[in-house]
Protein chains: 2
Amino acid sequence: MRSPQSLRNGETPPRILAPPFHSTVSEQKLRRFNTLILVFRLASFCFSLASAVFMVTNSHGSNSPNWHVFDAFRFVFAANAIVALYSLAEMGASVWEILKGTTVLPETVQVWFDFGHDQVFAYLLLSADAAGTALSRTLRGGDTCTATSSFCVQSDISIALGFAGFLFLGFSSLLSGFRLVCFIIRGSRFHL
Amino acid sequence: MRSPQSLRNGETPPRILAPPFHSTVSEQKLRRFNTLILVFRLASFCFSLASAVFMVTNSHGSNSPNWHVFDAFRFVFAANAIVALYSLAEMGASVWEILKGTTVLPETVQVWFDFGHDQVFAYLLLSADAAGTALSRTLRGGDTCTATSSFCVQSDISIALGFAGFLFLGFSSLLSGFRLVCFIIRGSRFHL
């Protein structure tokens, strides 16, 4: 993030001077890119957290089935909770980068970490939501949902929120993949 | 794939001369890389095909449940059949490339096509298998599997084969991603 200007011996850095044109444009673009990632992470966090909360509160009295009896619903809760925590951590890293101009981890580690985790957690979340959908459809075929329909409706909402979280995690993964490729090509996350 | 040697006016290309050292090494490495992709595609094809066949033949007489009654099992069959067809087409493309030294589609289209489809089909296959697993576990909890256990065993085998297919599709995706990055960096799929 240092500007490419060099200083003569004994000269103090000029504090009022604006940085060179190219650097400003480059920084602005990087900031806009980071803000876009931050928005996607925020959306992913909100949807995953909402999904986990909807699932964990899904028990309606003693004559209704409980969510943690079903493996697939436990999987949905766990995957969404993990993704919510991960998104929160990544949001912190994004805010840090926007404010300070440097990555939290060393740059190489950070770009690989982001892309790798985005990919793995996207697979995890999609498989959890698919499993949840299959179970939910099966329950609708039986007599569980006719007896206590609010349980099934709440499960469906939770799973739908999980899919929305997956969508935004996928967008984040595309952006972090783009950043990784830029880093591999140029040796810097400044891409444009 | 042309060797960098140039010919003088009126000279015919020498047919007995070996190509330059660098080109041979580069070609050998590319061929080894393509062979590795071909092996992964073959494994992915075999497992997906076996999974689809196991699922489609999963009906044991009139008193046993039929696989196409269940949404998730239909999804498992469809996803595996699609991946098997795709892997077969990609195997053809790999063999063509190994034999002829050029890609079937233009190089830019080919590398993006491979990576994009690998990613999408990997997500598709994983979600199908996860949905199938959830349904299979639910059926084990009910009385379907105690009455006709062979139906459940065959479903489980089909789903397990699908997961194996996903694993090899994931490896192919890694390699095609690597090839895409090489192509973006160097403008050529020759990477090493």
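Predicted model: local features only at pLDDT ≥ 70, side-chain atom pairs only at ≥ 80, totals over all residues.
I then asked which elements of chain A give two or more residues to the side that touches chain B. They are helix H2 (71-100), helix H3 (107-141) and helix H5 (149-186) of chain A. H3(A) gives the largest share of that side, eleven residues. By residue class, the side of chain A that touches chain B holds twelve nonpolar, three polar and two charged residues.

**Salt bridges across the interface.** Next I looked up charged pairs between the chains. The rule finds two salt bridges across the interface of chain A and chain B. In one of the two, I noted the side chains of A:Asp71 and B:Arg137. They meet at 2.5 Å, N to O.

**Extent of the contact.** How many residues does each chain bring to the contact? Chain A brings 17 residues, and chain B brings 17 residues. I read the area buried between chain A and chain B as about 1500 Å². Carbon and sulfur atoms give 73% of that area. On the chain A side, A:Tyr123, A:Leu126 and A:Thr138 lose the most area to chain B. Together these three account for 31% of what that side buries.

**Salt bridges in the whole structure.** I widened the search. The structure holds 14 salt bridges over all chains. One that I followed up joins the side chains of A:Glu90 and A:Arg41, at 3.7 Å, N to O. This pair links distant parts of the chain. A:Glu90 sits in helix H2 of chain A and A:Arg41 in helix H1 (residues 21-56) of chain A, 49 residues apart.

**Aromatic pairs.** Over all chains it finds 23 aromatic pairs. I picked out B:Phe33 and B:Phe178, which form a tilted pair. Their centres are 5.8 Å apart, with 50° between the planes. B:Phe33 lies in helix H1 (residues 21-56) of chain B and B:Phe178 in helix H5 (residues 149-186) of chain B, so this pair ties together parts that are 145 residues apart in sequence.

Technical notes
Residues numbered from 1 in each chain as written. Chains lettered and ligands numbered in written order. Heavy atoms only, no water. Contact = heavy atoms within 4.5 Å. Buried area = accessible area lost by both parts, 1.4 Å probe. Salt bridge = Lys/Arg side-chain N within 4 Å of Asp/Glu carboxyl O. Helix = DSSP H or I, 4+ residues; strand = E, 2+ residues; numbered from the N terminus. Nonpolar A, V, L, I, M, F, W, Y, C, P; charged D, E, K, R; others polar. Phe/Tyr/Trp six-rings, centres within 6.5 Å; stacked < 30°, edge-to-face > 60°.
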